[in-house]
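Trainee: Could we go through this model together? I would like to begin with the overall picture and then turn to individual residues.

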Amino acid sequence: MGYSVIDRNSVVSRYLSDMRQFSLLSEKEERELAALLVGEDKATAVNKLVESNLPFVVKIASEFRDPAVPFEDLLNEGNVGLIEAARRFDHSRGVRFVCYAAWWIRRSILLALSRHANTVRIPSYHLEKARQVRVAERALTRELGRMPDREEISRKLQSTIARIDRILMVKTSA
């Protein structure tokens, strides 16, 4: 028997099209669902919060694309973070769910990247710092029309050149 090869792009495309059936929540709907999180309908509320915020996971996962980790793995890890956020969300703090969930989604994705992409485990906070340096470098490249030097990057990030060098050295040596 032969095995069929699954095209990764078609899997992601199908996921994205299936995700469109869930609508985004208004602030009022989000508050109503959040109130249910403490009641008997907690599972229903968690499911609805997760389903309506799946596009947000795609947005965040897109920021962390890495050749070493397939995009669908980033989506899966982001979804794990989204589920955790929905389970832990406390609406009484006056924060929108999507703001709260962003931290959990990023955390899950960064942990996955550190587990899968490196032989030597690099702490997730360091991966986030390296990502910030890359984002600043791309922004400066667009602004200046050339590759920025380390001093320009350090000014943009309000950091020292030595700190930027340490961040980049650990990331590139892994």
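Mentor: Contact here means heavy atoms within 4.5 Å. Among contacts in the chain between residues at least 6 apart in sequence, 57% join residues at least 24 apart. Please note that this is a predicted model, in which local features need pLDDT of at least 70, side-chain atom pairs count only at pLDDT 80 or more, and totals for chains, interfaces and linings use all residues. Residues are numbered from 1 along each chain as its sequence is written, and side-chain values use heavy atoms, with hydrogens and water left out.

Trainee: How many helices and strands are there in the chain?

Mentor: The chain has nine helices and zero strands, so the pattern along the sequence reads α-α-α-α-α-α-α-α-α. Helices (H or I, at least four residues) and strands (E, at least two) are DSSP runs, numbered from the N terminus.

Trainee: And what share of the residues counts as buried?

Mentor: Of the 174 residues of the chain, 34% count as buried. Buried means under 20% relative accessible area, exposed over 50%, and partly exposed in between, with a 1.4 Å probe and protein chains only.

Trainee: Let us take α5. Which of its residues are buried?

Mentor: In α5, the buried residues are Phe71, Glu72, Leu74, Leu75, Gly78, Asn79, Gly81, Leu82, Ala85 and Ala86.

Trainee: What span should α5 have, and how far apart are its end C-alpha atoms?

Mentor: Helix α5 covers residues 71–88, and at 1.5 Å a residue its 18 residues should span 26 Å. The end C-alpha atoms of α5 are 26 Å apart, which agrees. The expected span of a helix is 1.5 Å times one less than its number of residues.

Trainee: Now the packing. At what angle do α2 and α3 pack?

Mentor: Helix α2 (residues 27–36) and helix α3 (residues 42–52) pack at about 145°, and their axes are 8 Å apart. Axes are lines fitted to C-alpha atoms, for helices over the stretch in contact, and angles run from 0 to 180 degrees between N-to-C directions.

Trainee: Which residues make that contact?

Mentor: Helix α2 contributes Glu30, Leu33 and Leu36, while α3 contributes Lys42, Ala45, Lys48 and Leu49. The residues of this contact divide into four nonpolar, no polar and three charged. For these classes, Ala, Val, Leu, Ile, Met, Phe, Trp, Tyr, Cys and Pro count as nonpolar, Asp, Glu, Lys and Arg as charged, and the others, Gly among them, as polar.

Trainee: Staying with α2, is Glu27 buried or partly exposed?

Mentor: Glu27, which is in helix α2, counts as partly exposed at 44% relative accessibility. The C-alpha atoms of Glu27 and Phe97 are separated by 9.2 Å, although these residues are 70 apart along the chain.

Trainee: Turning to electrostatics, how many salt bridges does the structure hold?

Mentor: The structure holds ten salt bridges. A salt bridge is a side-chain nitrogen of Lys or Arg within 4 Å of a carboxyl oxygen of Asp or Glu.

Trainee: What is the partner of Glu128?

Mentor: Glu128 pairs with Arg131, and their closest N and O atoms are 3.0 Å apart. Both residues lie in helix α7 (residues 124–144), three residues apart, about one turn of the helix. Glu128 is buried at a relative accessible area of 17%, and Arg131 is buried at 13%.

Trainee: What about Glu152?

Mentor: The side chain of Glu152 meets that of Arg146 in a salt bridge of 2.7 Å, N to O. Glu152 is buried at 13% relative accessibility, whereas Arg146 is partly exposed at 40%.

Trainee: Which parts does the pair of Asp165 and Arg150 tie together?

Mentor: Asp165 and Arg150 form a salt bridge, with the closest N and O atoms 2.8 Å apart. Asp165 lies in helix α9 (residues 161–173) and Arg150 in helix α8 (residues 150–156), so the pair ties together parts that are 15 residues apart in sequence. Asp165 counts as partly exposed at 28% relative accessibility, and Arg150 counts as partly exposed at 46%. Elsewhere, salt bridges that share partners join Lys59, Glu63 and Arg106 into one network.
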